[in-house]
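Please read it with the model open.

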Amino acid sequence: MMTKTLMGYALLAGLIVVVGCDKPLSQTMDGEKKEKAVAKVDQKADSKEEDHDGWWCNEHGVPEDECSLCSSKVAKAAKARGDWCDKHNRAKSICFICDPSLKDKYAAKYVAKFGKEPPAVDEEATGADKKK
């Protein structure tokens, strides 16, 4: 008799696992938990565009280890070696405003590494759309 009860519970548990809940996670939560879960999903989607773990900074169109706009460590090193554009607050070596040809230089680095054109750069983020 006990084995039948155990088998019944096992069958019920298996049925619950197979059927599951038909509501999305966001509908099963309430209040603050729901907002946090939705925000976390949104943040993950956004972070793909501004992912700073790879080789290339999509936002600024340069390799991450050369992006003084994203990394204070890179900015500090650029200032220390005299590679700094005070006017545009970035390393001179990546100042597309002062020297627009640098954009092509970095695009060529991307092409050399990946064999395709780099992602489009946000002109507003780089300041390249501004006049000198």
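**Notes on a helix and the cysteines**

1. Start with helix α5, residues 101–114, in this predicted model. At 1.5 Å a residue, its 14 residues should span 20 Å. The end C-alpha atoms of α5 are 20 Å apart, so the two values agree.

2. Which residues of α5 are buried? They are Leu102, Tyr106, Ala107 and Tyr110.

3. What covers the buried residues of α5? The cover includes two strands, β1 (56–57) and β2 (62–63).

4. Gly115 follows α5, and its phi is positive, near 75 degrees.

5. Next, the cysteines. How many disulfides does the model have? The count is zero, with a cut-off of 2.5 Å between cysteine sulfur atoms.

6. Take Cys67. Its nearest cysteine sulfur belongs to Cys70 and is 3.6 Å away. A disulfide needs the two sulfur atoms within 2.5 Å, so Cys67 is in none. Cys67 has a relative accessible area of 0%, so it counts as buried.

7. Then Cys95. The nearest cysteine sulfur is that of Cys98, 3.7 Å away. Against the 2.5 Å cut-off, Cys95 is therefore in no disulfide either. Cys95 is also buried, because its relative accessibility is 1% and the limit is under 20%.

Technical notes
Residues numbered from 1 in each chain as written. Predicted model: local features only at pLDDT ≥ 70, side-chain atom pairs only at ≥ 80, totals over all residues. Heavy atoms only, no water. Buried < 20%, exposed > 50% of the residue type's maximum accessible area, 1.4 Å probe, protein only. Helix = DSSP H or I, 4+ residues; strand = E, 2+ residues; numbered from the N terminus. Expected span 1.5 Å × (residues − 1). Contact = heavy atoms within 4.5 Å.
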